Each structure stands twice: as structure tokens, then as C-alpha cells.
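I opened this notebook to record what I looked up in one structure. The entries follow the order in which I consulted the model.

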Amino acid sequence: MKSLSGGSAFLKPGSTTRATFLLDFLYPLPLPPLFHVKPHWIRAAEYVGLDLQPGQIETMERYGLWLTGEAMRAGGIGPDESERIDQRHLADSILFATEIPDDARDVWDLGSGAGLPGIPLAICLPEKEIVLVDRAGRRVDLLRRAVRILGLANCSVCHRDIADLSGDVDVIVSRASLIPEELLPVARSQLRPGGTAINAGSWRSRPDHDGWTTIEIPPHVLDQTVWLLIMRQE
Ligand SMILES: C[S@@+](CC[C@H](N)C(=O)[O-])C[C@H]1O[C@@H](n2cnc3c(N)ncnc32)[C@H](O)[C@@H]1O
């Protein structure tokens, strides 16, 4: 369990966790449970009901480090994001898994950017085929590199404008790329009957949009309330 409390700086956005890191350093034996402070993304995975294996935890940690290093230098995420990788990016992405049906096979991440939420989902859901779609060539180069260095066999990259997709897919996820009104017709035309679209953005209050059902994630998970918009194809 020590790896969940100690480890890399990107997992430690708060002062309590920094204290835990110091304790880990000064006290090399396993710490009593009182001192274990879980990263938000582990809390999100528990909330979703995922039983992550050590290899998945290690890959998620490597992805977080890649985001704060190569992806940030290349402009794939903003320069001020390093303190928010755990909560705002990894944990927030994992929450999409709450609404991905068990029997879904393929998932498209539309406007993936630096791989959010698609790469955390590919790590957590190895039995799903994840396709990361983006129209920006530099983002696509970054995504291909991330998929290669993380060794994600269930993840591929598609360099295309969302408007040019033609598909028949089980699940669409999209975060901070298209507004719900833009994503809805795309999802209607690309999802199979019974398919699911999941959308999220940086909302400060509850979003309600025609055609979407709003799901609230309680604040004990990410230390703030977040929302997902869900659409099920008839
Ligand atoms: C603000 S970034 C968000 C990236 C990521 N989803 C996240 O949550 O950090 C928006 C991304 O969507 C991509 N994008 C926007 N419109 C698109 C479109 N019509 N087709 C494909 N990609 C698009 C942009 O190139 C950019 O990488």
C-alpha cells in the first residue's frame, strides 16, 4: 500500500499529502493507515468500482508524469496544470467509466488532446478498444507517442476532424472539446442503437442541456461536485 501514499509529486496536490511524502521518506517502514492519503484518481477508481492491478497503477503514474513532462512542454496541457494532474485530469477522466456499460466494446474519445479522458480509460479498462480522435497534428503526434511509451495495446489514435467521422460505435466520450449542443448530433449519428455518449466540461454549477441526462458525482470523490452528461441512443 505504500505506493499509494508515497511516490511521485504529481500525485500530491495538497499539503497533507506532501507531509505524507516526507513521512514516507523519513520513515522507510510501512506507515500506519492513519497516514495513508490516497490520490484522487485512486479514490475515483474505487468510486467507479474498479479493482486496479499493480501494473495499471504503475502505468497511470507513468502517464501522470508524462503529462507534467513531455505533454506540458509540447503544449498538450497548460503550463499551470502540474498541481492538478491527479484531481482535475486523471481522477476526472476515470469517472467516465461509471457510465460505460460492461458489455461495450469500443470507445471513441472525441477531441482527446493529450489523451483525456481516453488514456486513463484505456489503462483502467483493458478489455475495451479505445480510439483517441483529434484533428490537430501536434496533438496526434503526442498521443501516438504516449500510447507507444505506455504500451497500451487496446488504444489507437485517429487523426481526423470529428465532423468527418463515420462510425457505428458503442461509447463516445468527450471532455472540454465540444459543447453538449455540438456533441449531441455527432453522438446521434455515430452511436449504435443502445450506445452511450458521455460529456464533461469545466462546469462550476450543475449543467442541464436538452437531450442529456445530468449525473452528479458527490464531493467526497474529487473534493468538489462534478457532473457528467449522458445520452443513450435509442
Ligand atoms: C481543450 S482541448 C481538450 C482536450 C482533452 N479532451 C482534455 O480534456 O484535456 C480540445 C481538443 O479537441 C480537439 N478538437 C476540437 N474540435 C475538434 C474537432 N472538430 N475534431 C477533432 N478534434 C477537435 C482540439 O484539437 C483539442 O486537442
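The entries below go from the whole chain to single elements and residues.

**Entry 1: the model.** I noted that this is a predicted model, in which local features need pLDDT of at least 70, side-chain atom pairs count only at pLDDT 80 or more, and totals for chains, interfaces and linings use all residues. Residues are numbered from 1 along each chain as its sequence is written. I looked up pLDDT, the predictor's confidence in each residue, from 0 to 100. The chain averages 88, and 85% of the residues score at least 70. Over residues 1-28 the pLDDT stays under 50.

**Entry 2: the chain.** I found nine helices and seven strands; these are DSSP runs, numbered from the N terminus, with helices (H or I) of at least four residues and strands (E) of at least two. I then checked burial: a residue is buried if 20 or more other C-beta atoms lie within 10 Å of its own, exposed if 12 or fewer, and partly exposed in between, with C-beta atoms placed from the backbone. Of the 234 residues in the chain, 38% are buried.

**Entry 3: helix H5.** Why is helix H5 described as largely enclosed by the rest of the structure? I found that nine of the 10 residues of H5 (residues 85-94) are buried, so the helix is largely enclosed. Among them are Ile85, His89 and Leu90. The buried residues of H5 pack against helices H3 (40-48), H4 (54-73), H6 and H9 (219-222), and against strands S5 (191-200) and S7 (226-232).

**Entry 4: Ala114.** I located Ala114 in the loop between strand S1 (106-110) and helix H6 (118-124). Is Ala114 buried or exposed? Ala114 is buried, because 24 other C-beta atoms lie within 10 Å. Beyond its neighbours within four places in sequence, Ala114 is in contact (C-beta atoms, placed from the backbone, within 7 Å) with Leu67, Ala71, Gly76, Ile77 and Leu142. Gly76 is 38 residues from Ala114 along the chain, yet their C-alpha atoms are separated by 5.2 Å.

**Entry 5: strands S2 and S3.** I saw that strand S2 (residues 129-134) pairs with strand S3 (residues 155-159) in the parallel sense over five bridges; pairing requires that DSSP finds at least two bridges. Val131 has Ser156 in S3 as its bridge partner. From S2 the chain crosses through helix H7 (residues 137-150) to S3, and this β-α-β crossover is right-handed: with the strands pointing away from the viewer, the path from the first strand over the helix to the second runs clockwise.

Technical notes
Two residues are in contact if their C-beta atoms, placed from the backbone, lie within 7 Å.
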